[in-house]
Amino acid sequence: MRVALFVPCYIDQFYPQVAVASLELLEKLGCEVVVPADQTCCGQPMANSGFASSTEGCDTNFTTNFAGFDYIVGPSGSCVLHLKEHHPSEKIRNSVYEICEFLTDVLKVTSLSAKFSHRVGLHQSCHGQRGLRLSSMTERNEKSFSKLEDLLGLVEGVEILKPERADECCGFGGTFCVTEEAVSVKMGQDRIKEHDANAVEYIVGADTSCLMHMEGILRRQGSSIQVKHIVEILNHA
Amino acid sequence: MPSHAEASEKFIADAQRTDWHDETLWFVREKRDKAAMVLREWEALREHASQIKDHTLANLGSYLQAFEAKAQANGIHVHWAADAAEHNAIVHQIIAKQGSKVLVKSKSMLTEECHLNDYLANKGIEVVDTDLGERIVQFRNEAPSHIVLPAIHLKREDVGETFHQHLGTPKGNKDPQFLTEAARQHLRGHFLASEVAITGVNFAIAETGEFVVCTNEGNADMGAHLAKVHIACMGIEKIIPKREDLAVFLRLLARSATGQLITTYSSHFHKPREGQEMHIVLLDNGRTRQLADPKYKNSLKCIRCAACFNTCPVYRRSGGHSYHQPVAGPIGSILAPNIDKKANADLPFASTLCGSCSNVCPVKINIHEQLWFWRQDLMAAGLAPVGKTIGMKLMAFTLAHPAIYRIGGSLLRRFSGMLNTRLNPWYKQREMPEAPKVSFQEWYKKR
């Protein structure tokens, strides 16, 4: 299967290991992975700040890079949700997948040769969870499900621990993290406190932006807890 | 007026109190979950309520006229107010005719929206709020910080001190039962003396011309049953077609608001009792403007349960007053810009767009999507803070040009240490991500 890997701009620049893990994982699972060289950003930072009217150049660049693919896969629920909801091209909207949903729904992965013997705190990133429906949510009266947990369940040795408030937002929120700095940090601190109480070694999620925010707080606190994108675990030998 | 971000920073400075506020409201959210999850039909009920409201809003004019005709036939005086000023003038006229100088009022966010208390105070008329929480904040000269729990920002010690000052309770007494009893005795005098009672309206039924007021304290009933004149104030979106529809909303309202199965008092006012005068004031105040915009129309479905407040991680950590509007929280943030774009341009940004509000909403308002739409409209109206527009355009330009993006990214990584400064809001309480030597694309090229 031919797949285009969408690498969100901040992952490209600051978290290349997440993109590397995505690439290797997809290849392990038998995909022919193409990485369009001139891709940049999905346009979400501008759009969520009220400047969707300024994302035309970004949108066009995305289309130029990705229009030729039936499967566009990215390791970020938030960026993928933005494309699904707001990209002007219907072809793009219908072809883009968050990597976990691509693994469970398209590739229908039932086994992985991964091992990660650690206590892992699961962070539900809101856009992936509520927007893309990667897992059930506590607001709704619905059957419990989780594509993330299904995948982590295939990894040998992983112990999944959930925070007391299973799906409260971490407070990243795009530019919210700087324009509403006080609330943003407090929300992040509160999430971390619950993971800390579970004595986790890693906080794991499907959105690097949330993890970047919590990592910033953890490092300032001098905590030993580390963050990892779920693909880094699914690809862990 | 401090912006939401500024006011929140102040609120959060008291971390212990913030935690207490967050936990108190989360407790209400959990109570709501329990009450909602025991109903197997919960999601169907939400959908049903949403559809009733959709249908009603699509036929709002005819339902309002049907309601007016029925209510008048029942002997109720019906008044129409285009805006807050008209609403207040109508209410004042009715009171002035009666010659009252003091009156009782049960909870009504609509009269908060119209700033009725201040208006009447200027005319020499005192309004005594009879909802316990509202009376507390009224004593303190504050606005309610929550539409269902108006004094939720206060601890029992705060209430004890307020009552000590205003009701003469012993200093230092913070016993809830004792303080409630003191308020009860104090309010009883006003109930007995008032000739005019104002109430809000939770639902008005077009089919019958009756209206329904929900309270847990029975204070609306006590006021209305003792007064010669009952004035009920309602927004035009409170109308529902039939009595049978009411069952759907009453089941959703209390469960969503406080986790109760039903509100203690759901009182139906059908017609004035003998010798009583009953008035109902129907207010527009921007609602028809909202109705005309397909992006925001849905917000008129709101039944003011405040479930979106209790679930909102931002509201719980910033307090209602940080929203500087009578209706705070996520729903307030999509209603307020319709009234005044400039004054409320910060509110749609007081959210991470986490979407919890939309999913907890009993009438399925797409709150977080409307926050997103307001962001677009407010920026298009030129209401961006200084520097934001230029910053955004620069960012958009960079990200639209791969070559410039690559250079920019490389510079950012190389000099990211320069961002470790107090001037960078990220760095204030968080470390910057460690910059890798090569980007993914650089690595991939050499792979």
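## Two helices side by side

Let's start with a pair of helices in chain B: α2 (residues 15-37) and α12 (residues 243-258) pack at an angle of about 145°, and their axes are 6 Å apart. Here axes are lines fitted to C-alpha atoms, for helices over the stretch in contact, and angles run from 0 to 180 degrees between N-to-C directions. Helices (H or I, at least four residues) and strands (E, at least two) are DSSP runs, numbered from the N terminus.

On the α2(B) side you'll find B:Val28, B:Lys31, B:Arg32, B:Ala35 and B:Ala36, which meet B:Arg255, B:Ser256 and B:Thr258 in α12(B); contact means C-beta atoms, placed from the backbone, within 7 Å. Sorted by class, this contact has 3 nonpolar, 2 polar and 3 charged residues. Ala, Val, Leu, Ile, Met, Phe, Trp, Tyr, Cys and Pro count as nonpolar, Asp, Glu, Lys and Arg as charged, and the others, Gly among them, as polar.

## About the model

This is a predicted model, where local features need pLDDT of at least 70 and side-chain atom pairs count only at pLDDT 80 or more, while totals for chains, interfaces and linings use all residues. Residues are numbered from 1 along each chain as its sequence is written, with chains lettered from A and ligands numbered from 1 in the order in which they are written.

## The sheet

Chain B has an open sheet of 6 strands, in the order β1-β10-β7-β4-β2-β3, with parallel pairing. Strands pair if DSSP finds at least two bridges between them. At the edges sit β1 and β3 (126-129) of chain B, each pairing on one side only. On average, neighbouring strands here are turned by 25° against each other, direction ignored.

Now for β10(B), residues 277-283: 6 of its 7 residues are buried, so this strand is largely enclosed by the rest of the structure. Buried means 20 or more other C-beta atoms, placed from the backbone, within 10 Å of a residue's own; exposed means 12 or fewer, and partly exposed is in between. Strand β1(B) (residues 77-81) runs parallel to β10(B), joined by 5 bridges, and B:Ala81 stands opposite B:Leu283. Strand β7(B) (residues 229-235) is also parallel to β10(B), with 7 bridges, and B:Ala232 is opposite B:Ile280.

## A covered helix

In helix α11(B) (residues 219-226), B:Asn219, B:Ala220, B:Met222, B:Gly223 and B:Ala224 are buried. Their cover includes strands β4 and β7 of chain B, along with helix α10 (176-193) of chain B.

Methods
Contact = placed C-beta atoms within 7 Å.
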